[in-house]
Structures are given as structure tokens and as C-alpha cells.
Amino acid sequence: MTDTRLKVTRSQVLAFRRRVGALDERLAPGPGSLRRAAWAGLQDSMPRAAALSINARVRGTRPDTWTDSSLVQIWGPRYSVFVVPRRDLAVFTLGRMPDDAPGRRWAESVAGRLREVLNGAPMTEREAARGVGVKPNSLKFAAPTGTIVIRWDGARQPTLRLVAAPEVDPRAARLELARRYLHVYGPTTAGSFARWAGINPRSALAVFDELRKSLTAVRTPIGDAWILAADEPEIHAPAALAAPARLLPSGDAYFLLQGQDRELLIPDAAHRAALWPSRVWPGALLVGGEIVGTWRRAAATVTVQAWKRLSRAAREAVEAESEAMPLPGVKGRITVRWEA
């Protein structure tokens with residue numbers, strides 16, 4: 001039997017992901033660019049990670065760009081803190097509504113009790129949890145109703161605020177969430193989508209089955225996967241000139257991967273262990289289209305650990321990126337410390 005699956009190389013996959021993720025060339029400032037940068041959401045679990053992810057993709061990013069009126073902060077996939085386009089709130093909330101009746105009832109129950117406690121006014125997570133009568137972490141279960149947004153700057157506890165329930169069918173929202181994931185993380189699988197979104201694997205399979213007519217089967221160096229059929233020309237397009245350097249923050253969409261998916265991005269096992277340790281992830285150092293090391297920041301010092309010897313031009317590009325990071329409250333010039 002003839003294998004009809006499209007064969008794609010590692011370099012094609014990475015070039016495609018950089019291109020759709022706007023990592024080769026920054027976008028012009030504006031709401032449209034912010035929406036594209038946050039097409040699959042921007043994880044913000046590390047303070048100001050979303051701002052740094054935007055900075056890697058959009059010119060003129062400021063420390064407060066993540067608070068732009070076109071964006072909103074929520075408990076998103078896997079109940080992590082995310083910044084998402086305001087107009088797409090339903091995709092990242094209703095799209096993750098539990099499939100089981102008890103799960104849906106619990107989400108709606110917590111949301112209903114929060115409405116009574118908040119009564120239209122913002123409230124801290126601790127105060128709201130005390131009013132509802134649950135532990136603060138339990139308030140996250142109301143997020144899939146699409147009626148709760150948050151504001152968390154990393155220094156204090158989150159503030160919760162009520163918004164109107166999105167008038168979107170949850171099934172349609174989930175289909176769109178899967179399309180977003182396929183576009184940004186493709187080629188990918190239903191299992192990977194389930195892990196990323198924090199939904200039941202059977203539900204993820206059902207979504208991919210429903211989308212089947214709009215998908216193209218591909219064979220990658222790590223196995224069989226899917227892309228959106230509309231993305232097939234993009235994955236075949238010649239690779240663009242990769243950016244000299246980008247500093248991607250912990251949890252950035254380019255490396256927010258689990259399990260076998262990590263092997264394609266980082267073939268070396270020791271390097272995978274360094275990028276995805278068991279505890280807090282560092283940032284990823286992207287140079288010339290490849291992740292070649294990690295970085296961490298403490299105050300105005302960025303510590304970079306490269307996995308190979310970098311050229312003088314590459315080191316200068318990394319230092320320029322570091323100095324231009326839009327960080328609030330950092331006094332003095334940002335300096336780079338290189339570790340062997």
C-alpha cells in the first residue's frame with residue numbers, strides 16, 4: 001500500500017514553527033500583531049514571561065504591553081496563567097470545559113458562587129476564596145466558564161474580575177482551540193494536544209477526528225502527526241533567514257512541549273534535561289534558528305549557558321537582545337554573564 005503521508009524533515013518543521021510564531025522577523029506594533037503573537041496563548045506563569053514572549057515577536061514591546069486592551073489574562077490551558085487575545089477568550093476557556101457532567105457542574109458551581117461573592121467588583125484570590133469557602137487554588141476550576149479573568153503581576157496574589165459569559169458553543173470553541181494548537185505546534189498529535197490543553201485524551205481524539213477533513217497526515221523524524229491542510233504550503237516554503245538571536249522566556253510556546261515532542265526540537269538528551277529540568281524551567285536561547293543554550297535572570301544580570309561555542313557576532317546579538325528586554329523596575333543597564 002502506498003504511504004500517502006507527507007514526509008517532513010526536522011529543519012522544515014522548525015522553520016515552519018518559527019515562521020508562524022513570528023520568531024524570524026518581528027511584527028509591527030499593534031493589536032493585530034499582538035493577536036498573532038498570542039495565537040495559541042502566551043504562558044505567563046513566570047512573572048512577565050508573556051511580555052518577553054511578545055518582545056521576541058513584536059517590535060516596540062514595552063514592559064506594560066501585556067496589559068494592552070486587546071489582551072486579557074486568564075487561567076488557561078492546564079490552569080496555568082496565560083495572556084490571550086481578548087476577542088478569543090471563549091477559545092481558551094470554554095474550549096477547555098470538562099466533558100464529564102460532574103466536572104461541568106463543579107466549574108459552573110464555583111463560577112456561580114464567585115459571582116455572588118465578587119458582586120461586580122474585583123477581589124484578591126485569597127478574599128474571593130474565603131468568601132466562596134474553598135481553597136484559593138480551587139477557584140481556577142471556574143476558568144472554563146469564561147466568566148473569570150485575572151490580573152497577576154508576579155509580585156502579589158492574583159486579582160479576580162467577572163466578565164460576561166461568552167456566547168459561543170463550547171464545542172466550537174474546542175475545535176478552534178485545536179486549530180490554534182495545530183497551527184502553532186504542528187505537526188502534532190491528539191495526545192500532545194490533550195497534554196497541552198489539560199483535557200481528556202479521548203476528547204482530544206474526538207476533536208481531531210472531527211477536524212480530519214481539514215488536516216494533512218505527515219511523517220516526521222519522531223513519528224506520524226498532523227498539520228492543518230491550510231498550512232501545507234507553509235511547511236514546504238523555503239526557510240526564511242533566521243533571526244540572529246531571541247531570548248525566549250520560560251514556558252514560551254516555541255518550547256512548551258512534553259514527552260517525545262521535545263526530541264525533535266532538542267535531539268541531545270543532556271540538553272533536553274537542561275532546558276526542561278524537573279523544577280523551574282530556564283529560558284531558551286535561540287540563535288540562528290536553533291536553541292543552543294539556556295538563560296536565567298536575576299535583577300539586572302542575565303546568565304547565559306551556551307551548549308556550544310558561539311561566534312562573536314552571535315554573542316553580540318545575544319547581548320543586544322538581553323539589553324533590550326522590556327523589564328519593569330530594573331535599575332541600570334542589563335548585563336550578560338556567560339557560563340561555560
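Helices (H or I, at least four residues) and strands (E, at least two) are taken here as DSSP runs, numbered from the N terminus. The model is predicted, so that local features need pLDDT of at least 70 and side-chain atom pairs count only at pLDDT 80 or more, while totals for chains, interfaces and linings use all residues. Residues are numbered from 1 along each chain as its sequence is written, and side-chain values use heavy atoms, with hydrogens and water left out.

A search of the whole structure returns 2 cavities of 30 Å³ or more, a cavity being a set of points on a 1 Å grid over the protein atoms alone where a 1.4 Å probe fits but cannot get out, with lining residues having an atom within 4 Å of a point. The largest cavity has a volume of about 150 Å³, the volume being the space filled by probe spheres set on points joined across faces, edges and corners. Of the 17 residues that line the largest cavity, Gly21, Arg57, Val184, Ala253 and Tyr254 lie nearest its centre, and α1 (10-20), α2 (31-37) and α7 (170-185) each supply at least two residues of the lining. The second largest cavity, of about 40 Å³, is lined by Arg26, Leu52, Asn55, Ala56, Leu247, Glu321 and Met325.

The largest nonpolar core has 45 residues, such a core being a set of buried Ala, Val, Leu, Ile, Met, Phe, Trp, Tyr and Cys residues joined through side-chain atoms within 4.5 Å, where buried means under 20% relative accessible area with a 1.4 Å probe and protein chains only. The largest share of this core, 7 residues, comes from α7.

Note on methods:
1 Å grid on protein atoms, 1.4 Å probe; cavity = no way out; pocket = protein on both sides within 12 Å on 5 of 7 lines; lining within 4 Å. Buried < 20%, exposed > 50% of the residue type's maximum accessible area, 1.4 Å probe, protein only.
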